[in-house]
Amino acid sequence: MYPLAAAKPNARYIGEIYSTSSCRDRRSVLEPQNIRFVYPDEASVDVPLDSLAALDLGDRVLLDDDSLEWLEAAGQKHQRHGLAGRVLGIDHLATRVLAGEREDALLEYLTMVPYYFWGAYNIAEMNSSTNVTRHPSIGDEKQSPARVFTANNTPSYLNSFDNLPMPTEDFVRNYGRRMHHIAYEVVDGDIEGEKNVDFVVDVLRDLGIPFLADVVGECTDQPNLKQIFSKASPYSLLITEYVERCQGYDGFFTRDNVAALTAAAGEAERYRHGQVFD
Ligand SMILES: [Fe+2]
């Protein structure tokens with residue numbers, strides 16, 4: 001349905017797995033809130049996950065030696081180029097939805113998981129707001145990454161009056177409602193006078209990973225953030241973000257960085273209309 005995603009109809013992010021002390025209790029709490037589950041007559045549920053065999057997923061695929069060699073080589077490359085220990089776990093996951101769906105998306109998510117609404121950045125010049133939800137009782141985002149929902153402020157069908165830039169809703173119209181990026185934390189520090197995130201990006205660029213723009217944000221003597229977006233993967237359509245929190249920065253985003261990243265991604269996600277029949 002979507003012009004820039006049409007070539008990859010099967011590329012999609014499915015979702016996260018949350019641990020619960022009781023699936024049954026969870027279900028009895030959520031069903032009255034109109035959260036639907038998959039029921040036994042629709043598909044098999046409540047199977048013990050000690051072994052994947054219970055899911056009857058089909059035949060186990062064993063990678064042949066040639067395929068394993070590729071994976072081994074990728075792991076070794078990571079080590080050899082000094083990336084090991086510098087790129088840590090997942091910091092946040094960002095999804096884009098239409099303007100009219102922003103509150104529904106947030107409310108549905110906050111109903112289903114124990115996260116809370118942390119706050120939003122309004123980027124008026126990009127006609128976009130970034131809405132952050134977080135886990136309330138962790139000290140490290142990587143233990144349960146923040147979930148971010150981004151949407152237009154003025155929906156596209158009204159924007160012809162204002163004619164604002166609208167990279168967020170352009171993305172949804174061109175790729176569909178979907179996850180936009182997964183952000184990884186880069187450990188704070190320097191290597192030969194360079195910040196770790198700059199080092200990581202230089203190494204990856206040299207290895208052929210394309211990025212949308214330069215690293216945004218300054219790490220000087222003030223606590224701050226440095227961030228960058230890769231180009232979207234041709235396999236998953238997902239962008240990978242790298243983020244380094246400098247001088248113990250304990251915030252989550254900076255407004256200026258989000259504006260710059262949104263602008264950089266929007267440039268690459270625009271659909272170029274042909275000259276005929278549009
Ligand atoms: Fe992000």
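This report walks through the iron site, a strand, a helix and a pocket of a predicted model.

## Ground rules

Residues are numbered from 1 along each chain as its sequence is written, and side-chain values use heavy atoms, with hydrogens and water left out. Since the model is predicted, local features need pLDDT of at least 70 and side-chain atom pairs count only at pLDDT 80 or more, while totals for chains, interfaces and linings use all residues.

## The iron site

Three protein residues hold on to the iron ion: H92 and H181, each through NE2, and E241 through OE, at 2.0 to 2.2 Å. Donors here are N, O and S atoms within 2.8 Å of the metal (3.2 Å for Na, K and Ca); water is not among the atoms, so sites may look incomplete. Along the sequence the spacing reads H-x88-H-x59-E. H181 sits in strand 5 (residues 178-186) and E241 in strand 9 (residues 239-246), so this pair links distant parts of the chain, 60 residues apart. Strands are DSSP runs of E with at least two residues, helices are runs of H or I with at least four, and both are numbered from the N terminus.

Buried means under 20% relative accessible area, exposed over 50%, and partly exposed in between (1.4 Å probe, protein chains only).

## Strand 4 and its neighbours

Strand 4 (residues 146-152) is largely enclosed by the rest of the structure, because seven of its seven residues are buried. To count as a pair, two strands need at least two DSSP bridges between them. For landmarks, A94 has V148 as its bridge partner, and T133 stands opposite R147.

## Helix 6

Helix 6 (residues 196-206) is mostly covered, with eight of its eleven residues buried. Among them are F199, V203 and L204. The buried residues of helix 6 pack against several strands, including strand 1, strand 5 and strand 9; contact means heavy atoms within 4.5 Å. Just after the helix, G208 takes a positive phi of about 100°.

## The lining of a pocket

Helix 2 (65-80), helix 6 and strand 9 each supply at least two residues of the lining of the second largest pocket. Helix 2 gives the largest share, three residues.
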